[in-house]
Amino acid sequence: MAKKLLKLLIISPYPIFPLTFGGKIRIYEISQELAKLDLEITVLTPISFAQHQSLTINSNLKITIIRYPFLIPFLFTDRPFPYQFLVSFHPGYRFKIMSYLRTHDVIQFEHASFADLVDFVPADKIVIYDAHNVEYDYVSSECQNNTIRALTEKRIFCLENKLVQRANGIMVCSEEDRLRLFCLYKIKKTACIIAPNGAHPIITPHQHQMTDGNNVFQGIKQFKHRAIFSGSDVVHNRKAVHFIINYLAPQLRNECAFIINGPCGKRFQHIKKSNIFFDVNSKSVSKYAEICTVGLNPVMQGSGTSLKVLDYLVCGLPIISTEFGMRGYHDLRDFSIICPIEQFSEAIRDGFLLPNGREGILEKYYWSNIARKIRNFYVSLVQFT
C-alpha cells in the first residue's frame, strides 16, 4: 500500500510568477524542495496578467490561480498604502478556497494579509504562519506619512495577531524576528523554528573565470572597482538605489562602476551617469561575479532578512553593508564590511577580500537543507496533535 503523502496548502497573497522579489522566491524555492520530499503541495495565488493560468510544476507541486478580482491593489499603481494592507480586503475570497481548507492536512499562510481566513480553517487542521518578516514592522516602514501608517499598522497588527494566536507553528527567518513576534504579540507556547531565506550553491569566480560582467556594458573595463546592488522594486531598495546614484557614484566617479541589477532600477534607468550601469531584467548576480566586484547592501529599513546577502556570498562576492542590512546573519558577518552608509565610498576604495570558510557556513542556507528542516517541523506538529 502506497504511503499517504502529507498534504500542504500554501496561501500566498500575491502571484508567484514572475519571480521578481524575495517573497516569491522564498515560496517557490521552498515549495519545490518540499515537493521532492514526501509532501503533496498546492499553492493558491491571486490571478494576475503575468501568471494567467494554473501551473503543475511537478507531480507533487501545483500552483493554482484563484479567479477572484483583487481590484484594490491594481487600482493603486503608485499606491500610498502598502500592498499587504490593500490586498487584506478580500470579501468573498473564502468562498473560493473553502474546499482547499477542508482537504489539506497543513494550511500555511505566507504573510498576514489573509489572516482573517483562519476563522474558516477546520479546528483539526494544522495552521502555519510563514513569517517572511514581522509584517507589522515591514508595512510600517513602507508607509509614506503618519496618517497612512496609523491606519496600516492598526489593521496589520490585528491580522498578524490573529494569525500567530491560531497558528500551531510559526516559521521565522531569524532569531531577531522570533523575539520580535513573541514580544509584540505576547506569544507563549506556539512552536517556532528558524527557516531562513536561502540560496542554491553555484560555481564561484575562484573556480572558473567569469567575464560576462566585462562584456555586458561598454566602458565598464576602465574602472578599477566595481560594485553591484541587486534587488526588487520595493521602497527600501529604491532608497538604496537613490543613495548609490546621488551619493556614491559622484564620490567615486572615476574609480568605481556601479551595477544596478534587477527591478529596483526600473524607475531610475533614465538617469545617465558614466559610472552607473542598469540591468533591470536580470535575475542573476552571478554574471557580474568577478574578483574586483563587491556586493552592496546600503538598506536602512524593512524587516526579515536580506536575500541579496546570500546571493552575493554564493557568487563569491564580499559585501559592504549597513548594520541593518546584515540583520539576522550573525554567522555571516565575517564575510562583510559593516559600516554606516557615509563610509561606503571609503570601504569600496580600501577593498575587501572574501575570507575562506564561507562554503561550510552557507550550507544551512541552501534551500534543500531548509526544506528538510521545515518538513520535519510539519511532521512533528501533525504527530503531536
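Good morning. A charge is said to sit over a ring if NZ of Lys or CZ of Arg is within 6 Å of the ring centre and within 35 degrees of the ring normal. In this predicted model, the charged end of arginine 178 meets that description over the ring of phenylalanine 182, at 5.5 Å from the ring centre. Arginine 155 likewise places its charged end over a ring, that of phenylalanine 89, with 3.9 Å to the centre.

I turn now to rings that pair with one another. Searching the whole structure gives 14 aromatic pairs. One of them joins tyrosine 136 and phenylalanine 157: the ring centres are 5.8 Å apart and the planes stand at 80°, so this pair is edge-to-face. Because tyrosine 136 belongs to helix α5 (residues 135-142) and phenylalanine 157 to helix α6 (residues 146-166), the pair ties together parts that are 21 residues apart in sequence. Are these two residues buried or exposed? Tyrosine 136, at 19% relative accessibility, counts as buried, whereas phenylalanine 157 is partly exposed, with a relative accessible area of 30%.

A further pair consists of phenylalanine 243 and phenylalanine 344. Their ring centres are 6.1 Å apart and their planes are at 85°, so this pair, too, is edge-to-face. Which helices does the pair connect? Phenylalanine 243 lies in helix α9 (residues 235-251) and phenylalanine 344 in helix α11 (residues 344-350), so parts 101 residues apart in sequence are tied together. Both phenylalanine 243 and phenylalanine 344 are buried.

Finally, I draw your attention to a cluster. Phe217, Phe223, Phe277 and Tyr288 are linked into it by ring pairs. Thank you for your attention.

Methods. Residues are numbered from 1 along each chain as its sequence is written. This is a predicted model: local features need pLDDT of at least 70, side-chain atom pairs count only at pLDDT 80 or more; totals for chains, interfaces and linings use all residues. Side-chain values use heavy atoms; hydrogens and water are left out. Rings of Phe, Tyr and Trp (its six-membered ring) pair if their centres lie within 6.5 Å; planes under 30 degrees apart count as stacked, over 60 as edge-to-face and the rest as tilted. Helices (H or I, at least four residues) and strands (E, at least two) are DSSP runs, numbered from the N terminus. Buried means under 20% relative accessible area, exposed over 50%, partly exposed in between (1.4 Å probe, protein chains only).
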